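Trainee: I'm new to this one and would like a close look at a single part. Could you walk me through it slowly?

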Amino acid sequence: MENLAERKERIWYWDTVKFFMILCVVLGHFVESMASFDRTDIVPLKIFIYSFHMPMFIFIFGIFYKEKNFRKKALFFLSAGYLFKFFIFFVCRLINGDAMFTLFYDAGATWFFFSLVWYILLAKALKRFDKRLVLVISFTISLFSGYFKEINEFLSISRTIVFFPYFWLGTMIDKGSLLAGIRKIRKYLLIPSIVLLAGWLLICFLGYDDLKVIIPLLSGCHPFTEKTEGMGCLYRLLTTAITVLTGAAILIVVPEKKIPVISYMGRNTINVYFWHYTFLYMVFRFLNVQKIVANDWGVILFLVIAAAITFLLSLDIFNFPLKYLNRLIMNPSKVNDRSS
């Protein structure tokens, strides 16, 4: 429950942005799963979504990052990551009858929690250095990391390196000043931002054959492939430019005023992230996906289901178990008081 102070101080704009980003996460995973059923024609939609959704999440995490209780925060995300990992393992075993558990490798969605742990620890370790210098060095490392196959999914290192500049950039920006700046330029850039997003979506579909080469780069976990012909760093630079432009356009397009239901549900994005894979597995296990997505209406149906799941999981009832894990780690005294 929110207290009075939170209601007065909360800036709903950021909750609205977060809700649209978590909606994109769920839609993206549904699109990726549908594409595996011979619907490669919808992969361009995945390119569009993956070009900004996780970098934007990490950027916002950086904006709101505070050093206070950094150990407890790191412990929370570490615990949440392994809880998620165990939970997904048992869900897969139950639904699919088969699953593989890895303690230190993260090929699935669990990487996000572990990367946040790294970001919290790195923010503490690098706080005495010039932020601009750290940004330049980390961005340079991210450009060239794909040349080294040793930088992979072990401990989520690959994604951590690739997406770290977005987090660090967020720590350099004051959210109040950023919102004030957006407010000033919105009337001038709203239409161009809409055109940019629509244009990029159109390019994803019309130029899909040429964009195939960047698909592995968007997830941040793959080394450069032979298709990049030794120019992987330039392709990474291109995807970064696309991410920055589309991300900035989204910040301008999203309205500042509180949107009924949507803004409120944006408070619970981490819970949606934790639960959505379970619902995705159930949908794709118990429905005849191959037959349904063979038609365009079936694809639309699954996109509607993905959106409905996002709204459903944004309800406070799905705060469990992360809300209680957070309370246990951040305020153990209150937990003991309640239990006694």
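In which helix is the place of K18? And what surrounds that part of the model?

Mentor: Happy to. Keep in mind that this is a predicted model. K18 has its place in helix α2. With a relative accessible area of 19%, K18 falls under the 20% cut-off, so it counts as buried. Leave aside its neighbours within four places in sequence, and K18 is in contact with F57, I60, G266 and T269.

Two of those names take us to α4. F57 and I60 are among the buried residues of α4, and that helix is mostly covered: 11 of its 11 residues are buried. The list also includes H53, M54, P55, M56 and G62.

Let's stay with α4 a moment and look at rings. The structure holds 42 aromatic pairs. In one of them, F61 and F167 have ring centres 5.8 Å apart and planes at 35°, so the pair is tilted. F61 sits in helix α4 and F167 in helix α8 (residues 157–171), so this pair ties together parts that are 106 residues apart in sequence. F61 and F167 are both buried. Another pair is W275 with F318: the centres are 5.8 Å apart, but the planes are at 70°, so that one is edge-to-face. It links distant parts of the chain too, with W275 in helix α14 (residues 269–286) and F318 in the loop between α16 (296–313) and α17 (322–330), 43 residues apart. Both W275 and F318 are buried.

What covers the buried residues of α9 includes α2 (12–35), α3 (43–50), α4 (53–63), α10 (208–211) and α12 (232–253). Helix α9 itself runs over residues 175–206, which makes 32 residues, yet its end C-alpha atoms are only 36 Å apart. A straight helix would reach 46 Å at 1.5 Å a residue. Look along α9 and you'll find a kink of about 70°, centred on R186. R186 is also one of the buried residues of α9, along with L178, L179, I182, S193, L197, W200 and C204. Here's a handy rule for reading such a list: an α-helix has 3.6 residues a turn, so residues three or four places apart point the same way.

K46 has its place in helix α3. Its relative accessible area is 16%, so K46 is buried. Not counting residues up to four places away in sequence, K46 touches V31, E32 and I215.

K131 lies over the face of W168, at 4.3 Å from the ring centre, while K85 lies over the face of F101, at 5.9 Å from the ring centre. K85 is also touched by D106, whose other contacts include W111, F114, E153, S156 and R159, again not counting residues up to four places away in sequence. D106 has its place in the loop between α5 (70–96) and α6 (111–125). The relative accessible area of D106 is 3%, so this residue is buried. Finally, the C-alpha atoms of D106 and C221 are separated by 9.5 Å, though these residues are 115 residues apart along the chain.

Definitions and conventions: Residues numbered from 1 in each chain as written. Predicted model: local features only at pLDDT ≥ 70, side-chain atom pairs only at ≥ 80, totals over all residues. Heavy atoms only, no water. Helix = DSSP H or I, 4+ residues; strand = E, 2+ residues; numbered from the N terminus. Expected span 1.5 Å × (residues − 1). Bend = angle between axes of the 7 residues up to and from the residue. Buried < 20%, exposed > 50% of the residue type's maximum accessible area, 1.4 Å probe, protein only. Contact = heavy atoms within 4.5 Å. Phe/Tyr/Trp six-rings, centres within 6.5 Å; stacked < 30°, edge-to-face > 60°. Lys NZ or Arg CZ within 6 Å of the ring centre and 35° of its normal.
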